[in-house]
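Hi everyone, thanks for coming.

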Amino acid sequence: PTDSGQQREGASRDAFEALLKQNYLGTFGFYKKLPERSRQEIYIDYRDGAPMSEVRKKIIDRLLQR
């Protein structure tokens, strides 16, 4: 499966976080600093098919809003 933004209904939040940590360690560090509500929303975007580039941008945007 490619990362073209298809549904990822089988992707658990744990799997999402593991993928983030393995492939995008810096982004994962930012993600972990976000409040739980933001992390949940970002995971839902990912699960619903948002491309990883968009997910990563949202994490950074959220962090800079604080």
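α4 covers residues 52-65, and the two helices pack at about 85 degrees with their axes 13 Å apart. Axes here are lines fitted to C-alpha atoms, for helices over the stretch in contact, and angles run from 0 to 180 degrees between N-to-C directions. Helices are DSSP runs of H or I, at least four residues, numbered from the N terminus.

Who makes that contact, meaning heavy atoms within 4.5 Å? From α1 we have F16, L19 and L20, and from α4 M52, V55 and I59. By class that gives 6 nonpolar, no polar and no charged residues. Nonpolar is Ala, Val, Leu, Ile, Met, Phe, Trp, Tyr, Cys and Pro; charged is Asp, Glu, Lys and Arg; the others, Gly among them, are polar.

A quick word on the source: this is a predicted model, where local features need pLDDT of at least 70, side-chain atom pairs count only at pLDDT 80 or more, and totals for chains, interfaces and linings use all residues. Residues are numbered from 1 along each chain as its sequence is written, and side-chain values use heavy atoms, with hydrogens and water left out.

Now α3, residues 36-47: its axis comes within 10 Å of that of α1, residues 13-23, and they cross at roughly 90 degrees. So α1 is roughly perpendicular to α3. R13, F16 and L19 of α1 meet E36, R39, Q40, I42, Y43 and Y46 of α3. This contact has 5 nonpolar, 1 polar and 3 charged residues.

Let's look at α1 itself.

Rings of Phe, Tyr and Trp (its six-membered ring) pair if their centres lie within 6.5 Å; planes under 30 degrees apart are stacked, over 60 edge-to-face, and the rest tilted. F16 and Y31 are edge-to-face, at 5.7 Å and 85 degrees. F16 and Y43 are tilted, at 6.0 Å and 45 degrees.

Notes:
Parallel < 35°, antiparallel > 145°, perpendicular 65-115°, else oblique. Contact = heavy atoms within 4.5 Å.
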